[in-house]
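Q: I have a model open. How do I read its features?

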Amino acid sequence: MACVKAFGPGFPKNRSGPISMDHALTRQKIKELRALIAESDRIAVVLQDDPDPDAMSSAIALRALLGRNKQTTPIFAFTPVTRPENLTMAHLLEIEVAPADIEELRSYDKIAMVDVEPAYFGGKLPRADIVIDHHPGYQVGVSPFEDIRVGYGATATIMTEYLVTAEERISERLATALMYGIRSDTLGLSRRVTENDIQAFVHLYPLANYHLLRQIDRPELPIQFARTLSHAMKRLEIRDGLIAIYLGEVERDDLIVQIADFCLQFEGVQWVAIAGKLGPNLVIAVRNHGLGRANAGELVKRLFGDIGNAGGHRNMAKAIIPMSKWAERERVRRKGDLQHRLRELFARGILGEADTGNGRIQAAGSRSA
Ligand SMILES: [Mn+2]
């Protein structure tokens with residue numbers, strides 16, 4: 001993996017000790033955390049909807065830190081894991097995420113959450129005792145135990161620091177999960193990465209299982225994907241670093257997402273917009289490499305916020321637009337026309353981002369830098 005090579009195998013030894021791993025703070029936090037929990041407590045760990053690798057790995061790390069197992073400390077989420085890589089991770093690393101149910105959660109002595117904060121759940125949780133997260137913008141001081149480290153690239157980094165400071169053994173499974181969590185939240189140590197994230201990553205590196213990591217990177221795909229893909233490839237055209245494809249009617253939302261992820265891997269591609277008709281809606285999945293100041297979430301809001309639900313992150317976003325609203329505004333429904341219009345909208349939108357300084361379009365081929 002290039003990202004690790006860049007730091008060299010002697011990377012951690014060349015540093016003057018644990019400069020930024022704040023052991024004193026972390027040791028204090030571990031003491032607080034352990035003091036809060038009674039041996040007999042049943043603890044539920046609740047994750048964000050559609051849990052991601054950072055959330056799942058942090059959950060099993062918390063369990064390990066507290067010396068617990070899946071019976072005494074199960075993991076819950078209100079909606080299941082959907083992304084194929086994340087499903088593969090959960091499967092290969094045997095991380096069970098059960099469907100959350102408010103009534104059931106009431107029966108737990110403590111509720112913990114990692115990589116998410118109480119406000120995310122809008123008051124539907126009966127309680128929130130333990131909160132460990134790195135997301136900015138939430139009110140602090142709402143739970144008995146909080147450790148919010150906004151500068152960190154991943155919650156898995158905080159959890160790694162806990163385990164290291166507590167001198168807990170980090171199993172191969174746990175190291176693999178945490179490393180994958182850090183890697184995916186920081187896009188392979190390229191986004192919002194701090195010294196702490198790199199230190200944690202380097203610590204986990206010799207403990208992880210590379211065979212498993214590779215399997216997670218190349219998940220099994222549903223067979224429908226082949227059909228949708230062959231159809232999509234016939235319509236593939238890369239122009240100005242942009243792929244825009246309208247798939248027509250699709251059976252499942254995740255097929256649109258998978259085609260979008262797949263297309264982003266082609267050489268010279270900076271942006272991908274894949275649309276499909278799903279029931280009464282036009283669903284558009286948007287991807288970019290998260291480089292520069294390009295912002296997919298902002299772009300879809302600008303393009304489609306007036307006719308549908310649109311939003312997301314810098315590197316991935318989605319729009320769900322009632323077909324009737326789309327047709328009313330755009331006046332195209334036929335496959336070829338719709339794809340053509342999709343390309344026009346995105347090409348102009350992406351340029352607009354560059355013009356206003358909201359984004360930057362990298363020259364084709366420069367992204368390997
Ligand atoms: Mn995270």
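This is a predicted model: local features need pLDDT of at least 70, side-chain atom pairs count only at pLDDT 80 or more; totals for chains, interfaces and linings use all residues.

The dialogue below takes a few features in turn.

Q: How do I describe two packed helices, and at what angle do helix 7 and helix 8 cross?
A: Two packed helices are described by the angle between their axes and the distance between the axes. Here, helix 7 (residues 172-185) and helix 8 (residues 195-204) have axes that come within 9 Å and cross at roughly 150 degrees. Angles over 145 count as roughly antiparallel, so helix 7 is roughly antiparallel to helix 8. The crossing is left-handed.

Q: Which residues make that contact?
A: An α-helix has 3.6 residues a turn, so residues three or four places apart point the same way. Helix 7 contributes Ala 175, Leu 178, Met 179 and Ile 182. Helix 8 contributes Asp 197, Ala 200, Phe 201 and Leu 204. By class, the contact has seven nonpolar residues, one charged and no polar.

Q: What covers the buried residues of helix 11?
A: Start with the residues themselves. In helix 11 (residues 253-263), the buried ones are Leu 255, Ile 256, Val 257, Gln 258, Ile 259, Ala 260 and Cys 263. Their cover includes helix 4, helix 10, strand 8, strand 9 and strand 10.

Q: In which sense do strand 11 and strand 12 pair?
A: Strand 11 (residues 309-312) and strand 12 (residues 316-322) are antiparallel, with four bridges. A hairpin of three residues joins strand 11 to strand 12. Ala 310 has Ala 319 of strand 12 as its bridge partner.

Definitions and conventions
Residues are numbered from 1 along each chain as its sequence is written. Two strands pair if DSSP finds at least two bridges between them. A residue is buried if 20 or more other C-beta atoms lie within 10 Å of its own, exposed if 12 or fewer, and partly exposed in between; C-beta atoms are placed from the backbone. Two residues are in contact if their C-beta atoms, placed from the backbone, lie within 7 Å. Axes are lines fitted to C-alpha atoms, for helices over the stretch in contact, and angles run from 0 to 180 degrees between N-to-C directions. Angles under 35 degrees count as roughly parallel, over 145 as roughly antiparallel, 65 to 115 as roughly perpendicular and the rest as oblique. A crossing is left-handed if the near helix is turned anticlockwise from the far one by less than a right angle, and right-handed if clockwise. Ala, Val, Leu, Ile, Met, Phe, Trp, Tyr, Cys and Pro count as nonpolar, Asp, Glu, Lys and Arg as charged, and the others, Gly among them, as polar.
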